[in-house]
Structure formats: C-alpha cells, structure tokens
Amino acid sequence: MIQDIKNKFDNSYYKVLPRDNSYVLSFEKDKCMIKTDGKNIYIPRYAEIVNNKKLELRYLFSIDNTYYFLSENSIEPFTDYDYEDISVLRNSVNKEMCFAAETAFHLYNWYRKNKFCGACGVKIKHRDDERVLFCPSCGNTVYPCISPAIIVGVVSSDRILMTKYAGRDYKKYALIAGFCEVGETAEDTVRREVMEEVGIKIKNIKYYKSQPWGFNSNMLFGFFAELDGNGSITIDKNELSEAKWVKRSEMNFIEDDGVSLTREMIGLFKNNKVNFS
Ligand SMILES: [Zn+2]
C-alpha cells in the first residue's frame, strides 16, 4: 500500500528552510495543485515557485530526505500546474507522490480548521519545536487530529460481503466501514457497523492491519470476521446503495490498486489468504 515506503518517511517536526528540490503542496478545499500526465502526478518544487510573493511555507515531513512544505496561502496555478480534485491522486502510478500529497492534505485540513482556539476563540499560535498549536491566552494545546475508523471483510465460507456507498463519489465495491464512536473499542465498532449497515451478526473478529488515510483524516483499522448465523442482509439505505455476498470465483472484477487497505483486503480474500484458525 502507499504508506509502505519503509524508513524513507520521516514525520518528525524540524525547523528547516526549503531547498530548491523541496516539494510545496498547495490546496484549495478538496483540490491539490499538481501537474499530471494521466499516469503520474507531479508536485511543484520550491525552485519553481520561489518568486511567488505570497509564499508562506510550513514544514510538513520528509521522504527520502526530500522536504515537503505546505503553502499557507493557496498558490496561483502556473504553467502546467492546476488544482485537481484529490481523488485524482489515487490514480497515480507514482504511489509515493500519492502518499505525500494525501498526508499533506491531512495536515492541511488540520491547520485550516484550527486557526483559532476552540476553547476561548483567540488566534492560535504554532510551536516551532514540535507540530502542535497552542493558545497564548488559555494555554489550550491542539495536536494533529486523527479520526479512527474500521474496515471489515465479513466472510462466509467462499463468500465475502461487498458494498457500495450511497451518496459518495467512490462508486466501486468496498467493504463495511465506519468511524469509531467515543467509548467503544475498534472491535465494538466492527460489530456495530456490520449490524447497522447490513443487519447481520458476526464472530471471530480478527485484526489484520492499519493504514493512515489522509484523504479523510483517518487511521483505518482493518479486520476480518465470520458470519454468525443467518446471512440475510437488511441494507441501511442511508449508508449503502448496495450490499451483497460475492463468491470468490466471481471476483474477477477486483484488482488491488496498491493504494487502499480495502483493496488489499479484498485481494487477500480473492487469493484465498484469509483464515480464522
Ligand atoms: Zn484559548
């Protein structure tokens, strides 16, 4: 998956200046300024925008010792660079660029939504030795916000429960997913979401793997579980447009895109690599 870049990603906060080869991410709501040739995406380098008068940069992280910065003001499109919907990132052949941009998008949203103290309303300040915001008036500190959520592959012998979301841009088949609520464990969330979305009971909940998912500011926890009892589906039409049992032999339409945990988990089941023993 896209975050699997081993030791190359360093998200420690440093007080550093941009270099000519540093990448600069600029966003406008759900759009990211990139250049694309249909296969790869390209993020502008500092050397390309250094003359921009409005440039105010905040250090984000490094990948393979190359720095990534966030532009505090959105940069005007130039030459072949333009604002594209962040969903375009998922199609990039260069998965490292996709990971960098979606992780920057996560931080962009956190900075964007925390301009003022949530407790007393005073303008928030940035610590320069750590990635944390603080209120000079009441002392409130704000760390980057990560929303935990689960994905679960519900299995019944040679079938897996596949769904399509209602009212979202993502139209492909997915697995049951949902946000963790306050006071519940990730396993509780798995049981609750499956019951709410399709009305079935599950057993043998088994943790698989996690994935940071900056597109939605999530940390995703992937699980597999087995159907417990009757597999007849009662679909929650507010959440899903479709939910059905799909046999392994009928999963030829599924391909692992190398990006998402959902696709990897579907691929695992398709290749008969999920077992509960
Ligand atoms: Zn305050």
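Which residue in β13 is the bridge partner of V155? The partner is I160. This pair is a starting point for reading the structure, which is a predicted model.

Next comes the helix α3. This helix covers residues 186–198, and its 13 residues should span 18 Å at 1.5 Å a residue; the end C-alpha atoms are 18 Å apart, which agrees. Its buried residues are T189, V190, E193, V194, E197 and V198. Seen down the axis of α3, these residues fall within an arc of 125 degrees, so they line one face of the helix. An α-helix has 3.6 residues a turn, so residues three or four places apart point the same way. The cover over the buried residues of α3 includes β12, β13 and β17, along with β14 (176–179), β15 (202–213) and β16 (218–227). After α3 comes G199, with a positive phi near 70 degrees.

The nonpolar cores are the next topic. The largest has 32 residues, and those with the most contacts inside it are L25, C32, Y68, A101 and A104. At least two residues of this core are supplied by each of β2 (23–25), β4 (31–36), β6 (57–63), β7 (66–71) and α2 (95–112). The largest share, nine residues, comes from α2. Domain 1 and domain 3 each give this core at least three residues.

Leaving aside neighbours within four places in sequence, L25 is in contact with C32, I43, Y68, L70, S71, A101 and A104. The helix α2 has 18 residues and reaches 25 Å from its first C-alpha to its last, close to the 26 Å expected at 1.5 Å a residue. Its buried residues are M97, C98, F99, A100, A101, E102, T103, A104, F105, H106, L107 and Y108.

What remains is a sheet of three strands. This open sheet has the order β9-β10-β11, with antiparallel pairing. β9 (125–126) and β11 (141–142) stand at the edges, each with a single partner strand, so one side of each is left without a neighbour in the sheet. β10 (residues 133–134) pairs with β11 over two bridges, and the bridge partner of L133 in β11 is V142.

The loop between β10 and β11 holds S137. Is S137 buried or partly exposed? It is partly exposed, because 14 other C-beta atoms lie within 10 Å, whereas a buried residue would have 20 or more. S137 and G121 are 16 residues apart in sequence and 9.2 Å apart in space, C-alpha to C-alpha. Leaving aside neighbours within four places in sequence, S137 is in contact with C117, C120 and V122.

Definitions and conventions. Residues are numbered from 1 along each chain as its sequence is written. This is a predicted model: local features need pLDDT of at least 70, side-chain atom pairs count only at pLDDT 80 or more; totals for chains, interfaces and linings use all residues. Two strands pair if DSSP finds at least two bridges between them. Helices (H or I, at least four residues) and strands (E, at least two) are DSSP runs, numbered from the N terminus. A nonpolar core is a set of buried Ala, Val, Leu, Ile, Met, Phe, Trp, Tyr and Cys residues joined through C-beta atoms within 7 Å. A residue is buried if 20 or more other C-beta atoms lie within 10 Å of its own, exposed if 12 or fewer, and partly exposed in between; C-beta atoms are placed from the backbone. Domain bounds come from an automatic or database domain assignment. Two residues are in contact if their C-beta atoms, placed from the backbone, lie within 7 Å. The expected span of a helix is 1.5 Å times one less than its number of residues. The arc is that of the directions from the helix axis to the C-beta atoms.
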